[in-house]
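The following note concerns the structure shown below. Please read the numbered points alongside the coordinates.

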Amino acid sequence: FIFLMVQFIRTLPRELDEAAAIDGAGYWRIFLQVILPLCTPALATTGIFTFIWTWNDFFSQNLYLTNSDNLTVAVALRQFLDSSGESSWGPMFAMSIVSLGPIFGFFLAGQKYLIRGVATTGLK
């Protein structure tokens with residue numbers, strides 16, 4: 001994501017920074033009022049991908065969480081399977097559909113920024 005942000009900032013016109021500096025803006029004002037608003041699509045893309053990858057992460061949560069009351073959705077879904085391969089398939093599929101709700105909602109809320117961030121990052 002650092003590479004994504006660096007490449008996105010490199011595509012921004014340098015003339016915007018120079019125009020703000022000529023108008024008397026300092027470094028922080030240039031960053032907060034010129035660069036940061038233009039980086040909204042890239043920041044939204046980074047936020048959406050980070051949320052999805054963290055939500056679906058299994059290994060880290062399985063490694064660090066020991067109390068069964070604090071398990072994440074991915075680890076709790078794994079608890080539906082027992083060692084013999086038998087499972088209660090109905091509740092497991094219902095839980096997997098419910099676990100997709102926040103990801104789907106987060107994607108729909110930021111879809112406009114996600115598409116704009118991915119589309120403009122690769123342009124030169």
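1. Axes here are lines fitted to C-alpha atoms, for helices over the stretch in contact, and angles run from 0 to 180 degrees between N-to-C directions. Helices are DSSP runs (H or I, at least four residues) numbered from the N terminus. The model is predicted: local features need pLDDT of at least 70, side-chain atom pairs count only at pLDDT 80 or more, and totals for chains, interfaces and linings use all residues. Residues are numbered from 1 along each chain as its sequence is written, and side-chain values use heavy atoms, with hydrogens and water left out.

2. Helix H3 (residues 27-38) packs against helix H4 (residues 40-56) at about 60°, the axes lying 4 Å apart. H3 is therefore oblique to H4; the term covers angles that are not under 35 degrees (roughly parallel), over 145 (roughly antiparallel) or 65 to 115 (roughly perpendicular).

3. The contact (heavy atoms within 4.5 Å) involves Leu 36, Pro 37 and Leu 38 of H3 and Thr 40, Pro 41 and Leu 43 of H4. Five of these residues are nonpolar, one is polar and none is charged.

4. The largest nonpolar core comprises ten residues, including Met 5, Phe 8, Leu 12, Ile 35 and Cys 39. Such a core is a set of buried Ala, Val, Leu, Ile, Met, Phe, Trp, Tyr and Cys residues joined through side-chain atoms within 4.5 Å, where buried means under 20% relative accessible area (1.4 Å probe, protein chains only). H3 gives the most to this core, with three residues.

5. Apart from neighbours within four places in sequence, Leu 12 contacts Ile 35, Leu 38 and Cys 39.

6. The chain averages a pLDDT (the predictor's confidence in each residue, from 0 to 100) of 83, and 93% of the residues score at least 70. Among the elements of the chain, H3 has the highest mean pLDDT (91) and helix H8 (residues 111-121) the lowest (70).

Notes:
Helix = DSSP H or I, 4+ residues; strand = E, 2+ residues; numbered from the N terminus. Nonpolar A, V, L, I, M, F, W, Y, C, P; charged D, E, K, R; others polar. Buried < 20%, exposed > 50% of the residue type's maximum accessible area, 1.4 Å probe, protein only.
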